[in-house]
Amino acid sequence: MAGIQEGAGTGIIVDTNVIISALLPRSSRLREFLLTTEIPLHAPDYLLVELKKYWPVIEKKAVKRGVSSAELAHFREEILSRIIFHPLSEYRPFLKRAYEICRGFDEKDTPFVALALALSLPIVTNDGGILDNRGQYEALPIEDLLR
């Protein structure tokens, strides 16, 4: 729990769709933001599981948009190196509450909502379920971040 106290109140939580949105286009304001911002970026370790699971699809879409596999891998590593990853043990006490919130729209969002509750930080996302159900946690659309 020490890691939670040290980081509480500072930064934003990025979800998997933010990372995918930053990776896919050849030129991306979002990617530039993630790579240059002074705002601490946080995510549950679960983001890495999702990214690995969807990597073949991401790679196929990126190549169609003119991003080579090598460029994509480079962008991925650059962005991931900027994120503070939190293991399940740091937000486990918030999982039940987060699951109760998420089960109505997408149970796979539970780790992100649990981390938002644990750190008292907003989730930056384009996920309609997370945005539409904010109230017990904060969430911001990606566009608000880039303004």
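The protein chain contains 10 helices and five strands, where helices (H or I, at least four residues) and strands (E, at least two) are DSSP runs numbered from the N terminus. Its radius of gyration, taken over C-alpha atoms, is 15 Å, close to the 15 Å that the globule rule (2.2 Å times the number of residues to the power 0.38) gives for 147 residues, so the chain is as compact as a globular protein of that length. The C-alpha trace spans about 40 × 30 × 30 Å along its principal axes.

The model is predicted, and for this reason local features need a pLDDT of at least 70 and side-chain atom pairs count only at pLDDT 80 or more, whereas totals for chains, interfaces and linings use all residues. Residues are numbered from 1 along each chain as its sequence is written, and side-chain values use heavy atoms, with hydrogens and water left out. The pLDDT, which is the predictor's confidence in each residue on a scale from 0 to 100, averages 92 over the protein chain, and 94% of the residues score at least 70. Over residues 1-8 the pLDDT is below 50, and this stretch has eight contacts (heavy atoms within 4.5 Å) in the model beyond near neighbours in sequence.

Of the 147 residues in the protein chain, 45% are buried, with buried meaning under 20% relative accessible area, exposed over 50% and partly exposed in between (1.4 Å probe, protein chains only). Among contacts between residues at least 6 apart in sequence, 66% join residues at least 24 apart.

Helix 8 (110-119) is largely enclosed by the rest of the structure, because 10 of its 10 residues are buried; among them are Pro111, Phe112, Val113 and Leu119. Just after helix 8, Ser120 takes a positive phi of about 55 degrees, although Ser120 is not a glycine. Ser120 lies in the loop between helix 8 and strand 4 (123-125) and is exposed, with a relative accessible area of 55%.

Pro122 has its place in the loop between helix 8 and strand 4, but Pro122 is buried, with a relative accessible area of 12%. When residues up to four places away in sequence are not counted, Pro122 touches Gly11, Ile12 and Ile13, as well as Glu138, Ala139 and Leu140. Between Pro122 and Phe33, which are 89 residues apart in sequence, the C-alpha to C-alpha separation is 17 Å.
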